[in-house]
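Please open the structure in your viewer and keep the selection tool at hand. The stops below say what to select next and what is there.

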Amino acid sequence: MSTRFLDLSDPARRHVLRGSAALAFTAALPRAWGADTAKHLGTLGFKPVPASTADTLQVPEGYRATVLAPWGEPVGLPGQMPAWRDDASQGAAEQAAQMGMHHDGLQFLPLGPGGQRGLLVVNHEYVDDGLLHTDGTETWTAEKVLKSQAAHGLSVIEVAQHNRRWQHVRPSPYARRVTAQTPMALHGPAAGHRLMRTAADPSGRRVLGTFNNCALSLTPWGTVLSGEENFDNYFVSQADPPDLHHQRWGIGPRSWSRWHEFDERFDATRHPHEPNRFGWIVELDPQDPSSVPIKRTALGRACHEGGWVALTRAQRAVVYATEDAAFEYLYKFVSQGRMAPGGAAANRELLDKGTLYVAQFEPGGRGRWLPMVQGQGPLTAAQGFADTAEVLIKARQASDALGATRMDRPEWVAVDATSRWVYCSLTNNRERGRPGKPGPDAANPRAENHMGHIIRWREDGDLDGLAFEWEHFVLCGDPQQGQPHWQGNVRGDPFACPDSLAFGPGQVLWTCTDMGSGSTERDSTRAFGNNAVLACDPATGRFSRFMTGPVNAEFTGVCFAPDGKTLFVSVQHPGESPRGRNQPQQPDRYSRWPDQRPGARPRSAIVAVQRDDGGVIGLA
Ligand code: FEO
Ligand code: CA
Ligand code: CA
Ligand code: CA
């Protein structure tokens, strides 16, 4: 669908992108903070905001926020700029030229030196069909399925500062939408495998689209990695007896998307291999809107929150990959080759060859990376792993067989380039210790873990080490209240359910909370108010609440301009209904952010936060 709007043959469009701006961008990597951030290491310098339940975006005194690119705004495709309509009456084709819904992982890529201009790449994780369509789901049609598919995926937009205020640049030769219908390539060991072939794609190498994209990260060679998270919810499988492979991946008789009713490839009973083509990490080159996104199968299949690249001293790419699902796993990929100078073009195959490992945390603060290599240990043909591709496609089953550690929903990873501690947020796992479920273990120490925790580890030797030391960085909760096992050990402002993690200027660790919107989730976390962005002072380990969001919104994808003077973050699902879907008759029942007009549909958006005095975000 989106290819209709991307004229790949337009030479004028290609010419612009091969110009000097793209070269300057590559030169700006790897990311180094501006000179005036270094002297502030370890000194947070803002007045924390109080917890809030108001339907507003709250930033500290002396800061301001600019709303950019809400759902339904045209992304800026030249000649294709359908305007937002308050009643959401835009059709599927218009939606494919507009910002998708439910903005998630976000990254800023500077264009040229100075960071006054750049690209924002954002995932659109999922949709609320009650808001997406004028009459919600009262009727269900092929056009609505296409519109839902067009509101998923990713957007690339150009932004620039005018008088120190960020604006969305439209039209832009970089503007792009990637949707659930965009043609993509499968690369790596599973590409072309028997289990990847379908009636529509006998090659097993071409797939349409990506969806439920959660975290987004930057690679050192200038591309982004996007995780395909809860893809299982988009398929139905009604095989009798149940297909055990589908069952292990949570694919059953119901689908939250209802796409299968008008798009038969989402009926896994009829097309049992189609789900195998999702759950990968997708690499996209945002500088080249004619590039084909690539699913990197060497990184393994999971309900991927995302993947994060760091380099060993020998320039090997290490990708930490997380699976945000209760009792699932944490992965690490080590490339066989080394990163080459020359940006994306020089590293097109770097993530296609290497070794995947899964984490095993041991008591006493030690852990190991277990190789997921066909033929080794239990990963044999006799055990159902005929070849490397089958190990990667059935990564959950392989991790089960290896006895890896079943985690409390691993979300984001952030690597401290200085200390080499690797941080991972484990958002929560209310099921741990319940009847029939695994109990607490060393790394996931709390039964009914409502509050989540952040774990960190340091590899033996370099980042490609096969063993590590680990510790809990923080057990979340409120030390002053709640059940004893929910209280945790947070210093500073209490918080729960960490999700996004990122290092900002001054080596400050930032996190965004995702406490959910459903009433059962909120029973234990209501005292924290709305979701927040917090900063952790690296010298003291104290957390300070930096921002709070509108009602039932979550922040995600916190990232920074290279000079450290702008914080970008997605505000996702403002006004989300505790029952999961809003009613179009009363779209503003819970929130009308950001438009504020009575009856306005709440819209996910990006916000750019800056200091009034032009200083570095968060520091003194
Ligand atoms: Fe989509 Fe794991 O949050
Ligand atoms: Ca997330
Ligand atoms: Ca989450
Ligand atoms: Ca969420």
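Begin by selecting helix α10, residues 395–402, which is mostly covered, with six of its eight residues buried; buried here means under 20% relative accessible area, exposed over 50%, and partly exposed in between, with a 1.4 Å probe and protein chains only. Helices (H or I, at least four residues) and strands (E, at least two) are DSSP runs, numbered from the N terminus. This is a predicted model, in which local features need pLDDT of at least 70 and side-chain atom pairs count only at pLDDT 80 or more, while totals for chains, interfaces and linings use all residues. Residues are numbered from 1 along each chain as its sequence is written, chains are lettered from A and ligands numbered from 1 in the order in which they are written, and side-chain values use heavy atoms, leaving out hydrogens and water.

Within α10, colour the buried residues, Ala 395, Arg 396, Gln 397, Ala 398, Ser 399 and Leu 402, and then step to Gly 403, just after the helix, where phi is positive at about 75 degrees.

Turn next to the salt bridges, each a side-chain nitrogen of Lys or Arg within 4 Å of a carboxyl oxygen of Asp or Glu, of which the whole structure holds 39. Select Glu 228 and Lys 295, whose side chains form one such bridge at 2.8 Å, N to O. Because Glu 228 lies in strand β10 (residues 224–228) and Lys 295 in strand β12 (residues 294–296), the pair ties together parts that are 67 residues apart in sequence. Glu 228 is buried at 0% relative accessible area, and Lys 295 is likewise buried at 0%.

Finally, select Asp 135 and Lys 144, which meet in a salt bridge at 2.5 Å, N to O; Asp 135 is partly exposed at 27%, whereas Lys 144 is buried at 9%.
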